[in-house]
Amino acid sequence: MNFRVRACNKAAAGEYSDPVTLETRAFNFGFDPSSSHLNLKVEDRSVEWDPQGGKGLEGKVKGKENKGR
């Protein structure tokens, strides 16, 4: 990909920069459902934000309550 940038504010805009080429290599990664954020619903090939989330929250709270007993 080629990019050019320029600074802008309410009064004026500057000149564009010289073009810059950006290259990235493909990288396959995955999410670990057991360590992901509580609101992330992680499945085999998809990740979805679930605002109601809280997966496993009850078990963690119970476990913390029982540790002190």
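The paragraphs below go through a predicted model of a protein, from its overall fold to single residues.

The protein has 69 residues. Its secondary structure consists of 1 helix and 4 strands. Followed along the sequence, these elements come in the pattern β-β-β-β-α. Of the residues, 6% count as buried.

Begin in the loop between strand 2 (20–21) and strand 3 (40–42), where Phe 27 is found. Is Phe 27 buried or exposed? Its relative accessibility is 65%, and exposed means over 50%, so Phe 27 counts as exposed. Phe 27 also belongs to a nonpolar patch on the surface, together with Phe 29, Phe 31 and Val 47. The accessible area of these four residues together is about 470 Å².

Ser 36 is placed in the loop between strand 2 and strand 3 as well. Why does Ser 36 count as buried? The limit for buried is under 20% relative accessible area, and Ser 36 counts as buried because its value is 15%. Which backbone atom does the side chain of Ser 36 reach? It is the backbone oxygen of Pro 33, at 3.3 Å.

Asn 39 is another residue of the loop between strand 2 and strand 3. With a relative accessible area of 15%, Asn 39 is buried. A polar atom of the Asn 39 side chain lies 3.0 Å from the backbone oxygen of Pro 51.

Next comes Leu 40, which lies in strand 3. The relative accessible area of Leu 40 is 17%, so this residue is buried. Where does Leu 40 stand in relation to Gly 54? In sequence the two are 14 residues apart, and in space their C-alpha atoms are 8.9 Å apart.

Gln 52 itself is found in the loop between strand 4 (47–49) and helix 1 (57–67). Is Gln 52 buried or exposed? Gln 52 is exposed, because its relative accessible area is 67%. Leu 40 is buried at 17%, whereas Gln 52 is exposed at 67%.

Aromatic rings are the last topic. How many aromatic pairs does a search of the whole structure find? The search finds 0. The ring of Tyr 16 does have a charge over it: the charged end of Arg 4 sits there, 4.2 Å from the ring centre.

Terms used:
Residues numbered from 1 in each chain as written. Predicted model: local features only at pLDDT ≥ 70, side-chain atom pairs only at ≥ 80, totals over all residues. Heavy atoms only, no water. Phe/Tyr/Trp six-rings, centres within 6.5 Å; stacked < 30°, edge-to-face > 60°. Lys NZ or Arg CZ within 6 Å of the ring centre and 35° of its normal. Helix = DSSP H or I, 4+ residues; strand = E, 2+ residues; numbered from the N terminus. Buried < 20%, exposed > 50% of the residue type's maximum accessible area, 1.4 Å probe, protein only. Patch = residues over 30% accessible without salt bridge, like charges linked within 9 Å, V, L, I, M, F, W, Y side chains within 5 Å. Areas by Shrake-Rupley, 256 points an atom, 1.4 Å probe, with all protein chains shown as cover. Salt bridge = Lys/Arg side-chain N within 4 Å of Asp/Glu carboxyl O. Polar contact = N/O pair within 3.5 Å; in protein donor to acceptor, adjacent residues only side chain to side chain.
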